[in-house]
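Here is a short report on one protein chain. Keep the sequence and the 3D view open while reading.

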Amino acid sequence: MNVEVILNLPIIDRMKTSLHRAADREIGGVLMARQIVPGCFEIIDFSVDELTGEPAHFVRDPALHNSFLDEFFERTGRDYENCNYIGEWHSHPRLPVIPSITDLGSMENLVNGERNIPFAVLLVVRSDIPPEFVATATFHHRGAPPAPARISFKNRRHS
Ligand SMILES: [Zn+2]
């Protein structure tokens, strides 16, 4: 499956603000997306956990994100088919944006685990200086090996 992740400018700007605030600390959270067509996901919101930013896996219990998720689903009209959780993101300050073995293992555990999450994207980002924004994405699918996902940067303010 060829998977595409769309990152719009407002999302990138918000992420960069969090990254600069965190400086050398690794931060991350969950990604929420609108499915444009099957396999094409536009990121429309994300959470930021700036407190547990140690190099670790960011596989989270959705219960811990209840207020964030509730607010998102409320705002998107509980249209779970089209607007839903799509995966995880975290930063690699001063490191290549290549998922570590631990990162990939966490994602594989997520999609092959007992939670009803059959697929998920991992986005790894870095912005060490304000103009910089680099990112890579991998797609994880139950029963299949991880595959690179294409990222499309869009200069779009409204979606
Ligand atoms: Zn990582």
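The sections below go from the overall fold to single residues.

## Basis

This is a predicted model; local features need pLDDT of at least 70, side-chain atom pairs count only at pLDDT 80 or more, and totals for chains, interfaces and linings use all residues. Residues are numbered from 1 along each chain as its sequence is written.

## Overall fold

The chain holds 3 helices and 7 strands. Helices (H or I, at least four residues) and strands (E, at least two) are DSSP runs, numbered from the N terminus. Along the sequence the pattern reads β-α-β-β-α-β-α-β-β-β.

Of the 159 residues, 28% count as buried. A residue is buried if 20 or more other C-beta atoms lie within 10 Å of its own, exposed if 12 or fewer, and partly exposed in between, with C-beta atoms placed from the backbone. Contacts need C-beta atoms, placed from the backbone, within 7 Å. Among contacts between residues at least 6 apart in sequence, 68% join residues at least 24 apart.

## The barrel

The 7 strands form a closed barrel in the order β1-β3-β2-β4-β5-β6-β7, with mixed pairing. Two strands pair if DSSP finds at least two bridges between them. From one strand to the next, the twist averages 35 degrees. Axes are lines fitted to C-alpha atoms, for helices over the stretch in contact, and angles run from 0 to 180 degrees between N-to-C directions.

β1 has parallel pairings with β3 and β7. To β3 it is joined by 3 bridges, and the two strands run parallel. Here Ile6 stands opposite Glu42 of β3. To β7, β1 is joined by 5 bridges, again running parallel. Val5 stands opposite Ile151 in β7. β2 and β4 run antiparallel, with 7 bridges between them. Arg34 has Cys83 in β4 as its bridge partner.

Where does Phe153 lie? Phe153 is in strand β7, residues 147-154. Phe153 and Leu7 are 146 residues apart in sequence, yet their C-alpha atoms are 5.0 Å apart in space. Phe153 is partly exposed, with 14 other C-beta atoms within 10 Å.

## The nonpolar core

A nonpolar core is a set of buried Ala, Val, Leu, Ile, Met, Phe, Trp, Tyr and Cys residues joined through C-beta atoms within 7 Å. The largest one has 28 residues, and Val5, Leu31, Ile43, Val121 and Leu123 touch the most other members. At least two residues each come from β1 (4-8), α1 (9-22), β2 (28-37), β3 (40-46), β4 (83-91), α3 (101-112), β5 (119-126) and β6 (134-141). β5 gives the largest share, 6 residues.

Which residues does Leu31 contact, leaving aside its neighbours within four places in sequence? They are Ile43, Phe46, Ile86, Gly87, Glu88, Trp89, Val121 and Leu123.

## The helices

α1 lies across β1, β3, β4 and β5. Its direction is at about 75 degrees to β1. α2 (66-75) is another case. Of its 10 residues, the number buried is 1, so α2 lies largely in the open.

α3 has 12 residues, which should span 16 Å at 1.5 Å a residue. The expected span is 1.5 Å times one less than the number of residues. The end C-alpha atoms of α3 are 16 Å apart, which agrees. Its buried residues are Asp103, Met107 and Leu110. Seen down the axis of α3, these fall within an arc of 55 degrees, so they line one face of the helix. The arc is that of the directions from the helix axis to the C-beta atoms. β5 and β6 are among what covers these buried residues. On the face turned away from the buried side of α3 are the exposed residues Ile101 and Thr102.

## Positive phi in the loops

Ala23 lies in the loop between α1 and β2. Its phi is positive, about 55 degrees, although Ala23 is not a glycine. Is Ala23 buried or exposed? Ala23 is exposed, with 10 other C-beta atoms within 10 Å.

Just after α2, Gly77 takes a positive phi of about 70 degrees. Arg78 lies in the loop between α2 and β4. Arg78 is a residue other than glycine, and its phi is positive, near 50 degrees. Arg78 is exposed, with 10 other C-beta atoms within 10 Å.

Note on methods: Contact = placed C-beta atoms within 7 Å.
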